[in-house]
Amino acid sequence: MAVWALGINHHTAPLDMRGRFAFALDQIVPTLQGLRESLTGPGRQHSAVETAILSTCNRTEIYCAAEMPAMDHTLHWLANSGGISSELLRSHSYLLEDGHVARHAFRVASGLDSMVLGEAQILGQMKNAVRAAENAGALGSTLNQLFQRSFAVAKEVRSSTEIGAHSISMAAAAVRLAGQLFEDLSQIRVLFVGAGEMIELVSTHFAARHPKQIMIANRTLERGEKLAAQFGAGTMRLADLPDHLHEYDAVISCTASSLPIIGLGAVESALKKRKHRPMFMVDLAVPRDIESEVKDLRDVYLYTVDDLATVVRTGQAQRQAAVEQAEVIIDHGVQSFMHWLDQRRPQAGVVPLIRQLNTQTDEWRALEIARAKKLLAKGEDIDTVLEALSRGLTQKMLHGTLAELHKGDADQRSQTMDTVSRLFLRSAQSGPRGTAPDKAL
């Protein structure tokens, strides 16, 4: 089984390009179905290809497993979905295979590949991606093993190292930047646009500074009201935002919208009503929630997820020792996964052969059981029936072996004799096994 991954992240691609390839969680299932059909061809069996997509503000990654790798095809599919050339995407992406995929997935789950080193949010996002792949019927045994081992490695990294001890989150960074613009955060009015997990994190940090007012603007009031209740905040509909934008000193937005929801004109109008008092704005969404041109306005301080990079990297030196410890844990995890994968590769022939043996022996067993039932129905003695059943099974199992012993020249017969002796006589001396061979893999 081949395993490969294609991805772009904050290290390789600018924000606007990442926005082209951002998939909302409710888009994942149909997107996976389209990807699998593309990799297998129309009308062919999709179960032969396993796929999963991880999409966050910092990365979009496609994980695949199949009998044969299709890395270039995956690249072309993703490029087409984002409306850019394959050559341009290739220059901003990474293609990984086998052990490199495992190492990358383990590092991502452990927070070592995040903009905020050691952040824990990515682990939940990866688990959501796995659930979406399961719901799409796109997750097979290989990718399931990859992700479950990723979660186990991440758990060990977090419990055995201090990788997150000095972490500064995006939420904390936003508050820190706001504090550089406003002398007293308790005197400002803050508007949060959206009601997802990231907005909940940021609003928690701002609420701790007791601002004069907190408002939640969301497409659906019910979800906004649920979040607002945690902080004694007010709510408004997203459609009402342009009429009230000027009332807020700080605006933090993170929605799943595919198009900007705060345009240049709306911000210019708000500034006029504010008499050009400064506005602090943070756009944590990918694709953007706030038009990029807003950053050019004189009285606006607009920050994106990439702009926060310098702030959140503070304290990395203190975490370097923890990173080295984490890499050792990851190395061990990669070796373990590759050993598991090697045991299942079709070219090794082990798993297909075991399946064939199981199928053949099941057929023999079914035949002998059916024959035994007929004898019992005719009134035959049970001991006689059991004797016939056991003799019939052993004869079927030994027939091919005995035939091979009579074939070939002296050298071939000698090799066959050694194999038969090792499989039947030596294993018999060591006693019966409690676990079927296929279950041991």
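Predicted model: local features only at pLDDT ≥ 70, side-chain atom pairs only at ≥ 80, totals over all residues.
## Sheet, helices and domains at a glance

Gly7 has Glu61 in β3 as its bridge partner. Strand β1 (residues 2–9) and strand β3 (residues 59–66) are paired in the antiparallel sense, with eight bridges between them.

**The open sheet**

- β1 and β3 belong to an open sheet of four strands, which has the order β2-β3-β1-β4 and antiparallel pairing.
- The edges are held by β2 (50–55) and β4 (94–97); each has a single partner strand, so one side of each is left without a neighbour in the sheet.
- On average, and with direction ignored, neighbouring strands of this sheet are turned by 15° against each other.

**Helices on the sheet**

- Helix α6 packs on the sheet, where it touches β2 and β3.
- The direction of α6 makes about 145° with that of β2.
- Helix α7 (residues 141–160) also packs on the sheet, and its contacts are with β1, β2 and β3.
- For α7, the direction makes about 35° with that of β2.

**Where α5 meets α6**

- Besides touching the sheet, α6 (residues 121–135) meets helix α5 (residues 99–109): their axes come within 8 Å and cross at roughly 125°.
- The two helices are therefore oblique to each other.
- On the α5 side the contact involves Ala105, Val108 and Ala109, and these meet Ile122, Leu123 and Met126 in α6.

- Together with helix α10 (residues 221–231), β6 and β7 make a β-α-β unit that is right-handed.

**Domain layout**

- The protein is divided into domain 1 (1–164 + 318–341), domain 2 (168–312) and domain 3 (352–411).
- Domain 1 is made up of two stretches of the chain, 1–164 and 318–341.
- Between the C-alpha centres of domain 2 and domain 3 there is a distance of 74 Å.

Terms used
Residues numbered from 1 in each chain as written. Heavy atoms only, no water. Right-handed = clockwise from strand over helix to strand, strands pointing away. Axes fitted to C-alpha atoms, helices over the stretch in contact; angles between N-to-C directions. Parallel < 35°, antiparallel > 145°, perpendicular 65-115°, else oblique. Contact = heavy atoms within 4.5 Å. Domains from an automatic or database assignment. Pairing = 2+ DSSP bridges.
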